[in-house]
Amino acid sequence: MVATTAVPRAVRPRARAAAGERQRALWREWARSLDRPLTSYYLVLGTGVLLIALGLVMVLSSTMVNSITETGSAFSMFQRQLASAAIGLPLMLLAAHLPVSGFRVIGYPAMIISVALLLLTVFQGTEVNGALRWLEIGGLLIQPSEPAKIAFALWGAGVLARKDELRELTEWRHLLIPLLPGCGLITMLVLLGSDLSTSLVLLLVFLALLWVVGAPTKLFVSMFALVLGLAATVIAVEPYRMSRITAFLDPMADPESTGYQSLHGLYALGTGGIFGVGIGESREKWGFLPFAESDFIFAIIGEEFGLIGTLVVLCLFGVLGYAGLRVAGRVKAPFPRLAAIALVTWIIGQAMINIAAVVGLVPVTGIPLPLVSYGGSSLIPTMVGLGVLLALARNEPQAQRALSARGPSWTQRALSWLGLEKMAFSTQERSEGVTSKRTVRAPRTSGARGGKTAAKHRNGPVPAAGDRPRRNRRR
């Protein structure tokens, strides 16, 4: 027999203390890694790239059957998605390196263009699956409500940032005008295309902007009640939306019609178990689950990758949301903070609505999973929004110092080559509210005013421009 050596009791507390100290050291190292200057930037970039890659894999898996049926090739729909990602990637990288003040300027024309496209969709749109959401331009079908999300986010952030800088957010009318009319106009145009889910996302962004800018509790509660009342009214006037509510409350009441999609989404999740049936082995994509590649792609992820796969997706969106809130908490100027909140609310809010609909927590809304679902109209604007969030992450004070130590970026060099040196190198300081250094002029020695100035500062240094008292221009 092999003799075993018992550990003395006096040694056990020391061993536990040493283990606890190692755990605390690992935690301190993890905390230090999160305090690095470009942590937010790399978190947004890493989670975004992983979600896009996962989306390409799942689109290929979930569309193979439909692609063969429609075109005879298993890769036709995947190739369109890959082309959309190829278009969105350079746009995302370009947006990530643009100055932040540029997005503030872009928000206004982007809002006007979005309203014009939505109006054109109402009168000249193409109806697909009973919804008038699509507009044909140059032989391509686009969904104008998708880029309208990023346009409204940037425009709303710019409006409130300007009012915040002018100290005009002390009254309710400055909080709501023109933000509320603009949100109401774009929401009404989206609703005319029978797109309730996108309207809810826009209203969610509106509420998030009011919350972050510091709206009074009574005003915020009133706007929240207004949003709920509008949603209830829109649902009540459309019979097919009421049928979705009925199917949500009891899917088994009509399993072959209104509850069909919800039930098969739950079947897909239940079939996957913990580890899934394997990539490409989904059974529901064989014509059983409608819109498996777009609205219910999360169910296919759960079937093929199991509970582990769904938790990974939730963690990726959670990290992306944390990184966006981190950016909003670290930037100094009002516009970057509000824009980061608006973009995070859009992407994460839409993801949560989609996932909640798949698992049966809310009625089926027909909204895609950002960066993952099939559809270039959704993927490209979301990638651009991700690029804007990357640019805001680069605008953090510590990130600015780290990037300035590396030298000018490729976009700054390109702007300098185009003769836009001022925009390339000084816009970042202006976006943070840092005034440029002013040259202090010597006092004049001739004339009445010059003599007084010279006499006033004869015995002391000339104060800098920032130290001089300013007259209040408002009468």
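**Rings, core and cavity**

Modeller: Phe-152 and Trp-155 are both buried. Keep in mind that we're looking at a predicted model.

Biologist: Okay, and what makes Phe-152 and Trp-155 an aromatic pair that is tilted?

Modeller: Their ring centres are 6.2 Å apart, and the cut-off for pairing is within 6.5 Å. The planes sit at 40°. Stacked needs under 30 degrees and edge-to-face needs over 60, so 40° leaves us with tilted.

Biologist: Why are Phe-152 and Trp-155 separated by about one helical turn?

Modeller: Both belong to helix 5, residues 145–165, and they're 3 residues apart there, so about one helical turn lies between them.

Biologist: Which other aromatic pair can we look at, and what makes Tyr-41 and Tyr-42 edge-to-face?

Modeller: The structure holds 3 aromatic pairs. For Tyr-41 and Tyr-42, the centres are 5.4 Å apart and the planes meet at 80°.

Biologist: How do you know whether Tyr-41 is buried or exposed?

Modeller: Check its relative accessible area, which is 11%. Buried means under 20%, so Tyr-41 counts as buried.

Biologist: And why is Tyr-42 called partly exposed?

Modeller: Tyr-42 comes in at 45%. Exposed means over 50% and buried means under 20%, so Tyr-42 falls in between.

Biologist: Back to Phe-152. Which residues touch the most other members of the largest nonpolar core?

Modeller: Phe-152, Phe-206 and Leu-392, out of 99 residues in that core. Helix 13 (residues 334–359) supplies the largest share of the core, 14 residues. Nonpolar side chains tend to be buried together in soluble globular proteins.

Biologist: What is Phe-152 in contact with, leaving aside neighbours within four places in sequence?

Modeller: Among its contacts are Met-111, Leu-179, Cys-183, Ile-186 and Phe-206.

Biologist: How does the lining of the largest cavity divide into nonpolar, polar and charged?

Modeller: You get 6 nonpolar, 3 polar and 2 charged residues.

Definitions and conventions:
Residues are numbered from 1 along each chain as its sequence is written. This is a predicted model: local features need pLDDT of at least 70, side-chain atom pairs count only at pLDDT 80 or more; totals for chains, interfaces and linings use all residues. Side-chain values use heavy atoms; hydrogens and water are left out. Ala, Val, Leu, Ile, Met, Phe, Trp, Tyr, Cys and Pro count as nonpolar, Asp, Glu, Lys and Arg as charged, and the others, Gly among them, as polar. Rings of Phe, Tyr and Trp (its six-membered ring) pair if their centres lie within 6.5 Å; planes under 30 degrees apart count as stacked, over 60 as edge-to-face and the rest as tilted. Buried means under 20% relative accessible area, exposed over 50%, partly exposed in between (1.4 Å probe, protein chains only). Helices (H or I, at least four residues) and strands (E, at least two) are DSSP runs, numbered from the N terminus. A nonpolar core is a set of buried Ala, Val, Leu, Ile, Met, Phe, Trp, Tyr and Cys residues joined through side-chain atoms within 4.5 Å. Contact means heavy atoms within 4.5 Å.
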